[in-house]
Structure formats: structure tokens, C-alpha cells
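Could you walk me through this model in my viewer, one selection at a time? I'd like to know what to pick next and what I will find there.

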Amino acid sequence: MQPKDQGPSPSSFLPPAGTERPPRRSEEVENFDVVVIGAGVSGMYALHHLREMGLSVRVYDGASDVGGTWWYNRYPGARVDGPGSPFYCYTFSDELMKEWDWAETQSEQSAVLAYLEHVADRFDLRRDIEFETWVEAVRYDESAQHWTVETSTGKRASAQFLICAVGALSAANLPDFPGIGDFAGETYHTGRWPHEPVSFAGKRVAVIGTGSSGIQSIPEIAKEAAHLTVLQRTAQFAFPAGNRPLTPEETKEARASWGAVKAKMLANPGGFPADTHTRTALAATPEEREALYESLWQIGSFKFLLDSYNDIVVSEEANKTMADFVRRKIREIVRDPGTADKLMPDHFVMTKRPILENGYWETFNRDNVTLVDLREDPIERFTPNSVRTRTGEHPIEMLVLATGFDAISGSMLRLDPTGRGGVHLKERWKDRFHNYLGLTIAGFPNLFVIHGPGSPGVFYNMPLGAERQLGWVGDVIRHLRDRSLGAIEATEDSESAWGNETDAIANATLFPRTDSWWTGANIEGKPRYFSAYLLGTLYYQRLSDVANAGYEGFVFEPAHSAGSGSASRRSRALDNCLDLGPATRRRSPKTSSPE
Ligand code: N01
């Protein structure tokens, strides 16, 4: 799928065998209308949608099958940790929704992957996907108005349009701990988990990281390992997952009312079929708050986020009411007060990605589990058979890095396309992830990033978000083809107005004030700012407003030659190009103030 990871590279992280050989470059270049990088949730839909539009599409993915993040993240305990099934799914086909049975509310990784495999079969996707193929170089040819890609298998392709569906959470973060190369035991990253079974039985295991992946895997590893040492840098808030089987009645009801459910998803800021409400924590009495928090804790899932109060992420005082409740719960569950102290989170609740847990807190009551607080007892170095912290040595045979991702922007930066004038994305994104509409980048014509910086991405139901973004991209392509245009490109003015809009929304909340992967604080040297567009509903309104205004904020280029458009569409396009309208003129972008 994504470009190859470039961090320290223990053998378990290497891409599939065969991709490391120096490839023989083919002189032959295959031409397509669109090249898509990534065959995960977004890339799969890109292929389906654009093919339905009559375009020729080629998809590349480094994995050996579809699934993207669900193909890689197969660590023990991996489950959907959002509002869950049956609403974490594609919505483009009613038949697909009605024929697929989900077993649980928080589906296991294997269940989500089985669904995606079914989608690939049902819509015959694999015939246009090249697996085990890493895209190694991506370049814009200004005269031909084409993107060319070179792959690890030596093949080359060109296309007028490039869709980067490389994943917001796919560039694994592999911190360079002192002596990590000396460690002689098994090492795994949760986001690059092997396909062969991994046995923890009888082993002394260390897990570094207590984000979603750590908190999901720690209880499962602890059940099997001889001993588990949890190395925690930041204590986290985590809520009961409340996973349970979906009843046949619930499935029947969701299918019967699918039209209404979809409408509700489209109207919700996060893309889930949840009601919106106007309750605020500060208007409630302490007793009312306690009763609501307790009932949501009992139900579990994302209820704490969706059904509590809507001032939690904007008011410090409101935030504290929820944070204190969760801290009390942790103290009630964890028996050893010293361990409970170390587990106390001290940031604003919900301002790191909310985590759903399945027995995480109870795991610290087990005799075979030790918690190390890295803030007071940091890692000094790894030896062949231990991890040494300031106060002692922890013998281990296996290390699990649940250290997350260079999120949102990292996979694009590892791809590092070269745009107009030979400028690399790394150069363009040195200080900030400049973008317009979270989809396009000035200097990178005809390139679209799905779930990238400046979009709701990870704050939105991701399959639905991909469908909506790609629906818009498909319309852009149609617009260009119908008018025989060669290129569309965001202006730098549009980017800076979009950046201001994104920042203004974020700065009205507590999110930018917490160190998180949302703010880039987990990766040394990364531009530190909150890069997501928080209001999903407003975002999709903005996309359609921009389109309705003739793609305001973009400039268009006429096709230079027959090679840039589709020759078969040229006669109709020629009719249209006589009246290109205001969309082809350079415009200053509309700045809309956030709601
Ligand atoms: O990654 P994370 P993740 N030394 O960045 C720690 C999605 N997801 O893989 O908080 C020591 O959240 C880091 O510490 P700190 C979901 O959106 C979805 O767990 O930076 N520790 C943190 O504790 C999620 O939010 C699902 O101080 C270091 C941990 O490693 C996102 O992916 C399942 C360190 C990383 O936590 C990422 O989750 C899982 C260092 N040098 C994940 N570097 C499903 O829905 C990092 N850490 C299936």
C-alpha cells in the first residue's frame, strides 16, 4: 500500500519479500486515466467509483491483498474502536450493506478485513490492483500534465490524475531507542504485525506505548505471557468498549431503515448515526453529571464522546468534570494505589484520541504485569535480553512497539511526490502541511490526498469520509474532462485561507493544547499544530460550495496535448472548452468563518 517505512528497520518491518531487490526499470510506461496509491478503505473505493465513471484506473499497494490499515494492524485485541458496526462500512451500495452480517458492535480486525475482502470480490477490484508493489518515485511532468510513478517491481505508469490513498495511520513510528539494535529477542510493531501467529506463552514481554494499539493489545498479551512490562510515557483516558454481539433485530432494523440511517450519518459532524444535542456539563448539577457519566460508562463504546456534553472539548471546567470521573473509575478498578497513581492521566480528556478498552485497567491487578512510568523512570538502553530504565533492568525476550504512527501527513511525506518545478513535498511541507480543502496542494496539480491534513480524516467515519471525498474528486475529474482541461491546481492563497479556517476551528477547542499525534507532538521535528478540519458537516458543505462556485480557489490549465485528456472525450470537451467560464480564471478563495 503505502510507501516503504524508513525508520529503524528490524526484520519484522520489512516490506514483503522480493520488494527489496534493486528493480530493473522498465522502459515501457503504462498509461491510465488515474493512478491510485493504496488499496485500503479509500483506495478500494477510489477504484470502484472512478472505474464506474468509465476511467481507466491502476492501484498499487505494497501489501499482498486489500485492506490497508486492516491488513497491517492484526495485533492481538485489534478491533474497531469507533462507534462501530454496522456503521463502520461503505454506504455506496445498499445491497452490500444488506448482505453483510456483522457479529459484534466493535468488530475484530479479522471481521473488518473479511468485509473488505468481500467488497474486493463483489466489485471485482483486484484485477486493477498490483499488490506487493511499492511506489518508489512519483513525479509531475508539467509539459505532459501527467503524473508518472515508478514502482518497486520496476514497472512505470503515468496518469493525468494521482490519488494518494496512503492512509492517515500507516507510516509506523519506530523510535530509535538507545541500543535497540542490540536487542536480540523478537520485536514487533503493532502496525506491522506479522501474518504468522505470534506466541507470547512463557515469554517475558515488554510493550512500549499506551495509545489505542497498546491498550487493546496489553490485556491480550498479559493473558498469555509469563510476564508483561508496560512501559508508559503518557497515562491515558480509556473508556469501556462495551463490545457485545449485534442482535438479529438490530441488524434487521439497521437494514430496514438504512435510508434514514444514512441521512443521519451525513448530517452528523463525525459521520455516525448519532443524535446531536445541546446539553452542556456546566449547566448540569454535579448529581446530573455523575448520573449521566455513570450510565454512559456502563453502556461503553463511543457514548462518552457522542452522548455526553458538548462543552467537554471547549471548556476547561467542563472537561475537568469528565476527566475527574474517569480518574475516579481508574482508582476504583486498579487495586494497587501506587500503580493507580502512575495510570492517572493529566491532560484534557478527549484531546488525545479517545480509546476504548476491553479489560485494560483490570490487567494491572494481575501478578504477571508491571507498569513502568517512563516520565519518572526513562529508558536508558536496550541490551540483548533486557530493557534498562533509570531504576532497574527488566529482562525480556520480546518487545512490542505500540508506538503509533507519523500520522496524517507521514505517509505522504514518505511518498514525497515531486511537483511543479521539481519541488518535493518534503520541501513544501517543511513548516506546515499546506493544502486546500484537505485534498489538494499548490504546486502539485491533479493530485488528491484522501484523509490528509486539512480534512476531517481521522475525525470522521473513515469509509464514509473516503466516499464523500472521492465523490468530489470524481466530479472534479469529470469537470476537467468535459472541458478538455489539462490540470487543476490549488493556489497558495487558497491554501493559506484554508489553513486559517482550519486553525480557527481548532483554536476554539482544547485539542491544540494537548500533545498528541493529532498535533504531531509524537514525532520529533514534526511541525507542531492541529492539522485536521474538525467540523465534518461544515467541511462537506464547503466542498460542495467550492464546486458550485466553479471550483473557487483553483486555477485550471487547458490541455497541452491530446495526451493529457482522454482522446475519446475530446470532441465533446472541445465543444465545452469554448466556454470555460470563471472556473479557469485565477480567483482568490472565499474565506468563510467557522461556525
Ligand atoms: O498510537 P498512539 P496507536 N517512547 O500514537 C507512545 C488508531 N487505531 O497505534 O502519548 C515512549 O495513539 C506514545 O506516548 P505519548 C486510533 O485512531 C485504531 O496506539 O506520545 N513511548 C503512546 O502511548 C489511534 O489513536 C484502531 O507520550 C512512546 C503510544 O506510544 C491511532 O490509530 C486500533 C514513544 C502510541 O500511541 C494510533 O494508535 C488502534 C517513545 N519514543 C489504533 N513514542 C482501531 O480502530 C511513542 N510512544 C482498530
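Here is a short tour of a core, a helix and a pocket in this predicted model.

**Stop 1: the nonpolar core.** Start by selecting Trp472 and Phe554, the residues with the most contacts inside the largest nonpolar core, which has 138 residues. Next, colour helix α15 (residues 462-482), which gives this core its largest share, 8 residues. Now show what surrounds Trp472: beyond its neighbours within four places in sequence, Trp472 is in contact with Leu437, Leu439, Phe448, Leu543, Val546, Ala547, Tyr551 and Phe554. A separate second core of 26 residues can be found by picking Leu162, Leu415, Phe444 and Leu447, which are among its members.

**Stop 2: helix α10.** Select residues 316-333, the 18 residues of α10. From first C-alpha to last, α10 reaches 26 Å, close to the 26 Å expected at 1.5 Å a residue. Its buried residues include Ala318, Met322, Phe325 and Ile330, and also Arg327 and Lys329. What do the buried residues of α10 pack against? Display β10 (238-240), α8 (286-299), α9 and α12 (360-363) to see these partners.

**Stop 3: the second largest pocket.** The pocket has a volume of about 620 Å³. To centre your view, select Pro83, Phe87, Arg244, Ser301 and Lys303, the closest to the pocket's centre of the 27 residues that line it. The largest share of the lining, 3 residues, comes from α6.

Note on methods: Residues numbered from 1 in each chain as written. Predicted model: local features only at pLDDT ≥ 70, side-chain atom pairs only at ≥ 80, totals over all residues. Heavy atoms only, no water. 1 Å grid on protein atoms, 1.4 Å probe; cavity = no way out; pocket = protein on both sides within 12 Å on 5 of 7 lines; lining within 4 Å. Points joined across faces, edges and corners; volume = space filled by probe spheres on them. Helix = DSSP H or I, 4+ residues; strand = E, 2+ residues; numbered from the N terminus. Core = buried A, V, L, I, M, F, W, Y, C linked by side-chain atoms within 4.5 Å. Buried < 20%, exposed > 50% of the residue type's maximum accessible area, 1.4 Å probe, protein only. Contact = heavy atoms within 4.5 Å. Expected span 1.5 Å × (residues − 1).
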